[in-house]
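Here is a quick tour of the structure below, starting with how the chains meet and then moving into one of them. Keep the 3D view open as you read.

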Amino acid sequence: MTLDSKIPPGPLDKKWTTFKNNAKIVSPANKRKFDLIIVGSGLAGASAAATLAEQGYNVKCFCYQDSPRRAHSIAAQGGINAAKNYQNDGDSVYRLFYDTIKGGDFRAREANVHRLAEVSTSIIDQCVAQGVPFAREYGGLLDNRSFGGAQVSRTFYARGQTGQQLLLGAYSGLSHQIATGAVKMFPKTEMLDLVVVDGHAKGIVVRDLKTGEISTHAADAVLLCTGGYGNVFYLSTNARGCNVSATFRAYKRGALFANPCYTQIHPTCIPVSGDYQSKLTLMSESLRNDGRIWVPKRKEDCGKDPATIAEADRDYFLERKYPSYGNLAPRDISSRSAKEACDEGRGVGPGGLGVYLDFADAIKRLGQKTIEERYGNLFEMYQNITGENAYERPMRIYPAVHYTMGGLWVDYNLMSNIPGLHVLGEANFSDHGANRLGASALMQGLADGYFVIPYTLGEYLTSQFGKKVDPKHPAFEQTLQESKARVQKLINIKGTKPVDYFHRSLGLLIWDYCGMARSSEGLKEAIGKIQQLRAEFWSDLKLLGDPNGINMELERAGRVADFLEFGELMCLDALVRDESCGGHFRTEHQTPEGEALRNDQDFAFVSAWQYTGDGNMPNLVKEPLVYEQVKLSTRSYK
Amino acid sequence: MNFHLKVWRQKDTNAPGTLEEYEAENIPAGASFLEMLDIVNADLTRKNIEPIQFDSDCREGICGTCSLTINGIPHGKGRGTTCQLYMRKFQDGETITIEPFRADAFPVQRDLVTNRSAFDRVIQAGGYISERTGSAPDANSVPISKVIADQAMDAAACIGCGACAAACPNGSAMLFVSAKVTHLGLLPQGKPEKNRRVLSMVRQMDEEGFGNCSNYYACEAVCPAGVPAAFIGRMNREFTAASMKEMVGMSV
């Protein structure tokens with residue numbers, strides 16, 4: 001199998017324009033003949049649903065939450081990048097493109113990333129027009145701040161709630177289209193499977209989470225905007241319900257899953273405090289603009305009150321190791337440095353799994369009032385969770401799983417290898433390579449939904465005139481019966497252990513063996529253990545209650561069942577990628593200073609995995625990464 | 001810590017509900033209220049009792065999914081959502097009563113889960129600015145004073161959880177509706193549709209069965225996003241002005 005990424009010809013900075021000039025367009029009169037299914041209502045899903053409906057398509061949008069406004073994009077705190085150069089600090093589309101490619105450790109597709117940087121400016125215009133209340137300066141113009149991996153201020157923000165405001169903007173557009181009847185919204189409805197008819201994605205199977213009813217929906221194309229798979233780690237900054245099921249079900253129907261081992265560990269989260277914990281809470285990376293990260297130089301000082309540790313006895317390890325970026329080094333590098341410090345026994349707080357994020361200098365320089373204005377809600381949140389006042393005592397932070405760069409393989413049109421199946425936002429693999437820079441996830445979600453798919457979808461749809469799928473096609477009934485049988489199978493296990501046990505056990509395995517540091521030996525061990533755990537799940541799961549009604553344990557069981565298969569694929573991908581790059585750190589491959597050692601000679605490709613049946617080894621399909629513009633270099637933030 | 005729980009159990013919207021009593025044992029003080037319920041549910045499952053159904057998602061106070069009435073107060077005592085309420089705030093051995101959000105417009109679906117889709121329909125009635133993707137002018141072409149932008153943000157911070165309506169003796173959603181009306185009405189981009197927005201959102205709110213505001217201010221006291229009740233007065237003024245225009249036959 002070979003993959004055609006359909007990258008337009010011509011110089012890099014003209015590709016998107018060339019594409020748009022030649023793109024196949026569906027006329028307004030024809031748009032209303034096409035039915036689209038959009039799964040997910042986060043930034044990617046809501047923006048796509050609103051825009052495509054506005055263009056005239058008939059849209060059905062599905063989300064598992066009780067309202068589209070609650071998708072997990074809402075929790076993004078820090079901001080959204082755009083190459084506006086409003087700060088006159090030398091930013092440009094090329095610079096944003098280059099920072100993103102470099103940030104991804106040269107494992108993303110050049111043409112996609114350049115397009116992302118190009119449309120970034122329109123996103124800000126669009127959001128302001130919708131009424132997103134971005135932070136402003138006294139003169140009335142938009143304010144910016146810096147984020148990791150950049151030397152310019154290009155991040156737009158709305159207090160510490162940028163994701164919320166951007167999502168509510170997209171949700172308002174979606175609500176408008178629901179009101180006009182152009183979108184039919186299905187909240188509390190979860191996708192269980194993809195319906196493939198004659199090789200094309202033509203529908204989905206869903207379960208109504210209120211009544212338990214399982215049914216099918218047919219359409220001319222299916223768009224998955226279902227987010228990432230961070231919850232495979234159990235403890236992550238993701239919401240409780242975030243899951244891999246939609247994309248993993250599509251994988252089992254033939255869609256290729258690309259780079260599943262690329263996961264992002266965010267450096268600034270509140271450390272784990274006990275095994276009762278259900279999630280980890282992120283403290284926005286923006287805090288690193290003013291906070292300084294340190295641990296004691298000597299192990300003996302770790303238990304002391306930080307205020308009593310003299311300046312000379314502190315190790316500001318990011319400033320020491322990466323002087324030009326300092327505390328704003330990219331996420332993978334900052335996380336790994338924190339782990340190293342803790343591994344050396346210099347961590348602080350319970351279990352020694354934490355480092356200090358100290359605002360004392362910033363408070364001295366700017367005054368507490370300014371810090372309150374900038375980060376007040378984050379300090380409040382920190383105090384609420386830990387019971388500590390970060391104005392008086394440094395915060396304790398530790399890395400946690402936050403984002404997943406891998407996802408379903410898509411071409412330049414955001415279409416997977418299954419014709420008709422399009423994948424947007426975090427659910428696809430395309431733009432962040434092996435590590436995502438801060439404030440780029442919101443940018444990508446909205447770019448895909450507002451400004452990419454509305455142009456690229458026509459490439460597929462124009463081939464589908466007069467090919468309306470028959471909802472009575474046997475593929476629908478067959479997929480429906482398979483989904484029903486799977487739910488029944490879960491209920492029939494009648495074992496002794498709750499879903500939570502399996503999810504936690506899997507999460508620990510993945511964190512230990514496929515987290516911040518991975519090794520060949522460890523990954524092989526993990527694969528064996530995951531297989532055992534999966535077998536235990538299918539023989540000893542205990543589920544109570546009725547499948548015909550609200551049953552959250554049943555919902556979770558279905559998701560955990562998929563994570564138990566997916567986790568193995570993730571470890572396999574990590575094993576096969578025998579190099580270090582970005583968030584994927586193989587202990588066998590590091591420089592003498594402990595930095596990730598890439599191997600461009602052998603691994604400058606996308607690993608796309610093809611399902612070949614349960615129990616069979618999936619097939620690895622490689623898409624070579626060809627760089628026309630940038631020169632591969634060792635990523636340095638020193 | 002140990003707690004004695006009284007939890008509302010209800011099979012579905014039409015079935016009658018009752019308070020069932022359970023023990024929550026060995027709960028760490030650092031656990032959140034929802035993590036406490038997770039522990040109780042694991043215990044119930046072991047005892048072959050169906051787990052308590054309750055809504056939650058982000059568990060960091062922003063998505064607005066969690067929604068419990070704890071000892072009579074939506075989201076419990078103190079500012080913040082239920083997911084951000086920590087057990088260290090309770091007394092060891094305390095009896096805690098847990099009910100769903102109570103408002104006519106939020107029917108109970110099961111146990112502690114309510115249907116809050118009325119809020120979505122209120123937004124659909126006009127809680128948006130009509131603009132076409134791709135048609136926006138440059139973001140800096142319309143300067144907006146920092147004061148106005150900050151105030152709009154105060155209003156836009158609403159998380160749509162419904163605690164305001166659940167706390168109100170009239171089951172009024174006016175804090176929620178006024179937050180959106182204020183957010184969009186303050187910004188220059190939202191002005192062209194200001195009148196029709198407030199009229200149709202308020203009418204939809206009435207149609208959903210939410211009550212009127214009688215200045216009780218319970219909404220403000222429980223709002224996890226700190227939305228001030230002053231916005232209700234602002235909405236009333238906008239509504240009055242818009243309905244006068246409509247009454248004398250001016251187009252809105």
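## Where chains A and B meet

In this predicted model, 64 residues of chain A are in contact with 67 residues of chain B. On the chain A side, the elements that put in two or more residues are helix H3 (43–55), helix H5 (110–130), helix H6 (162–180), helix H11 (368–386) and helix H16 (552–576). H6(A) gives the largest share, with nine residues.

What is that side of chain A made of? Its residues split into 23 nonpolar, 27 polar and 14 charged.

## Two domains in chain B

Now over to chain B, which is divided into domain 1 (3–110) and domain 2 (116–247). Taken over C-alpha atoms, the centres of these two domains of chain B are 29 Å apart. Domain 1 of chain B and domain 2 of chain B each bring 18 residues to their contact. On the domain 1 side, those residues come out as eight nonpolar, seven polar and three charged.

## Helix H1 of chain B

Take a look at helix H1 (residues 33–46) of chain B.

Is H1(B) enclosed or open? Ten of its 14 residues are buried, so the rest of the structure largely encloses this helix. The buried set runs through B:Phe33, B:Leu34, B:Glu35, B:Met36, B:Leu37, B:Asp38, B:Ile39, B:Val40 and B:Asn41, with B:Thr45 as well. The cover over these buried residues includes strand E1 (3–9), strand E2 (18–24) and strand E3 (68–70) of chain B.

A few backbone angles in chain B deserve a click. After H1(B) comes B:Asn48, with a positive phi near 60°. B:Asn26 sits in the loop between E2 and H1 of chain B, and its phi is also positive, about 55°, although this residue is not a glycine.

B:Asp111 is another non-glycine residue with a positive phi, near 45°. You'll find B:Asp111 in the loop between strand E6 (108–110) and strand E7 (113–114) of chain B.

B:Asp111 has 25 C-beta neighbours inside 10 Å, so it counts as buried. The cut-offs behind those calls are 12 or fewer for exposed and 20 or more for buried.

How values were computed:
Residues numbered from 1 in each chain as written. Chains lettered and ligands numbered in written order. Predicted model: local features only at pLDDT ≥ 70, side-chain atom pairs only at ≥ 80, totals over all residues. Helix = DSSP H or I, 4+ residues; strand = E, 2+ residues; numbered from the N terminus. Contact = placed C-beta atoms within 7 Å. Domains from an automatic or database assignment. Nonpolar A, V, L, I, M, F, W, Y, C, P; charged D, E, K, R; others polar.
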